[in-house]
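Subject: Structure handover

Hello,

The structure is below, with the sequence.

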Amino acid sequence: MALPLLKSAVTCADFSRTVQPYLSQLNDIPQRIYQSATSLQALQEVYVNTNPLITAFAFSLFLVPIFLVISEINRNYSQVDRVWSLLPTVYNVHYVAYAHAKGMQTQRLDSLAIISCVWSARLTFNYWRKGGYQIGSEDYRWEVLRKYIKPPLFFIFNVVFISLAQSILLFSVTMPSYILLLASPLVKAQTADILFTQALLGFIFLAFAADQQQWG
């Protein structure tokens, strides 16, 4: 079973019931994907039969060596920075897609996905126009740190913090979406949810207008 059987919204945040029983799935994911690689249907079964939080965590770990290798080859340590505004939305959309695949109530999760996509679009656009996606662009702080940290130690810093910790952090900030997914069968969406979604979107567009004034 990929999801716990819960009877109250309070238990949706109980680590011992919603996370701990599924940690063992983390070790099985690579082998199950490898065995199902030639069949789309089999991959879909792996997806829906794996706890969505564990899937998201596994993906965050999968990205770590990619960030590490690319940053060391290019001597540019802003690889995580380039996806900082995108990955939280990827994880949020993953939870929404999982809920749809399981036939769950998704109104709140759908609202979450919309808000997250709009927020990511704003942040990504700002990062782009600041030159963040230009070839060779790098956060100035990494250059400053390299002046004070010897290469062997900076490599360890890259492994532990830049590539690993930041990737897990971007996964972690979306963990409330997992709780929202678990609570969706227990707590029905209300008018207040629609009003809250509209208010959040309004604040995001207000922030975008402020961004434009800053660049005007």
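**Helix packing**

Helix α2 (residues 25–36) and helix α4 (residues 52–74) have axes that come within 10 Å and cross at roughly 70 degrees. Angles of 65 to 115 degrees count as roughly perpendicular, so α2 is roughly perpendicular to α4. The crossing of these two helices is right-handed. Please bear in mind that this is a predicted model.

On the α2 side, the contact is made by Gln25, Leu26 and Ile29. On the α4 side, Ile54, Thr55, Phe57, Ala58 and Leu61 make the contact. By residue class, the contact of α2 with α4 has six nonpolar residues, two polar and no charged.

**Largest pocket**

The largest pocket has a volume of about 490 Å³. It is lined by 24 residues, and the closest to its centre are Asn92, Leu112, Ile115, Ser116 and Leu200.

Which helices supply at least two residues each to the lining of the largest pocket? These are α6 (87–101), α7 (107–129), α10 (175–183) and α11 (191–215). The helix that gives the most is α7, with nine residues in the lining.

The contact of α2 with α4, by comparison, has no charged residues.

Regards

Terms used:
Residues are numbered from 1 along each chain as its sequence is written. This is a predicted model: local features need pLDDT of at least 70, side-chain atom pairs count only at pLDDT 80 or more; totals for chains, interfaces and linings use all residues. Side-chain values use heavy atoms; hydrogens and water are left out. Axes are lines fitted to C-alpha atoms, for helices over the stretch in contact, and angles run from 0 to 180 degrees between N-to-C directions. Helices (H or I, at least four residues) and strands (E, at least two) are DSSP runs, numbered from the N terminus. Angles under 35 degrees count as roughly parallel, over 145 as roughly antiparallel, 65 to 115 as roughly perpendicular and the rest as oblique. A crossing is left-handed if the near helix is turned anticlockwise from the far one by less than a right angle, and right-handed if clockwise. Contact means heavy atoms within 4.5 Å. Ala, Val, Leu, Ile, Met, Phe, Trp, Tyr, Cys and Pro count as nonpolar, Asp, Glu, Lys and Arg as charged, and the others, Gly among them, as polar. On a 1 Å grid over the protein atoms alone, a cavity is a set of points where a 1.4 Å probe fits but cannot get out, and a pocket is an open set with protein on both sides within 12 Å along at least five of seven lines; lining residues have an atom within 4 Å of a point. Grid points are joined across faces, edges and corners, and a volume is the space filled by probe spheres set on the points.
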